[in-house]
Amino acid sequence: MSAEFDVECMRLALDEARLGGQSDDVPIGAVVVRNGEVLASAHNQRGATGDPTAHAEVLALRTAAEQLGTWRLDNCTLYVTLEPCTMCAGALVLARIERLVFGAWNAEMGAVGTLWDVVRDRRVNHQPEVVAGVLADECSASLRDFFATKRDSG
C-alpha cells in the first residue's frame, strides 16, 4: 500500500476514535482493510459494553472475520490509532494480519516495540509487517485532549 493510502485509512481510524471518545471511552479507533476495501472499523467500547476485551482492534478483527467468513485475515491490514497492547498484538498475530499500521506509541502498554514486541517475536508463527507513526501527532493529540478533558471535568 502507498503512504497516502495509509494516511487515508488512519484518518478513518481517527474518525472511529472520535466516536469512542464521544461515548466516554478511550478514543482509540481501528480499521481492517483488504485489497483496498474497508472490511471493518471499530472504536473502544469497554465502557459501553462492560467487556474488558472490547478494544477497537479486537472488535474490528471480529467484524472482519465475520465479513470474510474465516478467522484467517490473510492479506489484510489493521490500522489503529495507538500501538496495540499485548492482548491486541496477540490477536492480530493469531488472525494472521499481514500489515499493522499504527499512529501513536503506547508508553504504558505498547506491545509492538515500546514495552514488548509481540508481533515481531520469532517464537510465534506469524510476524506481520509493521508501519509505525502514521499521523502520530494527530493520534496522540486525540488521546491527550480526551484525558485533559477528563481531568478538567473530574
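This is a predicted model: local features need pLDDT of at least 70, side-chain atom pairs count only at pLDDT 80 or more; totals for chains, interfaces and linings use all residues.
Strands E3 and E4 (residues 99–104) pair in the parallel sense, with five bridges between them. Tyr79 has Val101 in E4 standing opposite. The protein has five helices and five strands in its secondary structure.

**The sheet**

- Five strands make up an open sheet, and their order is E2-E1-E3-E4-E5.
- The pairing in this sheet is mixed.
- From one strand to the next, the twist averages 15 degrees.
- Strands of a sheet pair through backbone hydrogen bonds, in either a parallel or an antiparallel way.
- The edges of the sheet are taken by strand E2 (37–43) and strand E5 (129–132); each has a single partner strand, so one side of each is left without a neighbour in the sheet.

**Strand E3 and its pairing with E1**

- Strand E3 covers residues 76–82, and seven of its seven residues are buried, so the strand is largely enclosed by the rest of the structure.
- Strand E1 (residues 29–34) pairs with E3 in the antiparallel sense, over five bridges.

**Helices and the order of elements**

- Reading from the N terminus, the elements follow the pattern α-β-β-α-α-β-α-β-β-α.
- Helix H3 (residues 56–68) lies across E1, E2 and E3.
- The direction of H3 is at about 145 degrees to E2.

**Overall shape and packing**

- A compact globule of 154 residues would have a radius of gyration near 15 Å; the value for this protein is 14 Å, which agrees.
- The C-alpha trace spans about 45 × 35 × 30 Å along its principal axes.
- Buried residues account for 47% of the 154 residues of the protein.
- Of the contacts between residues at least 6 apart in sequence, 57% join residues at least 24 apart.

**Surface**

- The accessible surface of the protein is about 7,700 Å².
- Carbon and sulfur atoms contribute 50% of that accessible surface.

Note on methods. Residues are numbered from 1 along each chain as its sequence is written. Side-chain values use heavy atoms; hydrogens and water are left out. Buried means under 20% relative accessible area, exposed over 50%, partly exposed in between (1.4 Å probe, protein chains only). Helices (H or I, at least four residues) and strands (E, at least two) are DSSP runs, numbered from the N terminus. Two strands pair if DSSP finds at least two bridges between them. The radius of gyration is taken over C-alpha atoms; the globule rule is 2.2 Å times the number of residues to the power 0.38. Contact means heavy atoms within 4.5 Å. Accessible areas come from the Shrake-Rupley method with a 1.4 Å probe; for residues, only the protein chains shown count as cover. Axes are lines fitted to C-alpha atoms, for helices over the stretch in contact, and angles run from 0 to 180 degrees between N-to-C directions.
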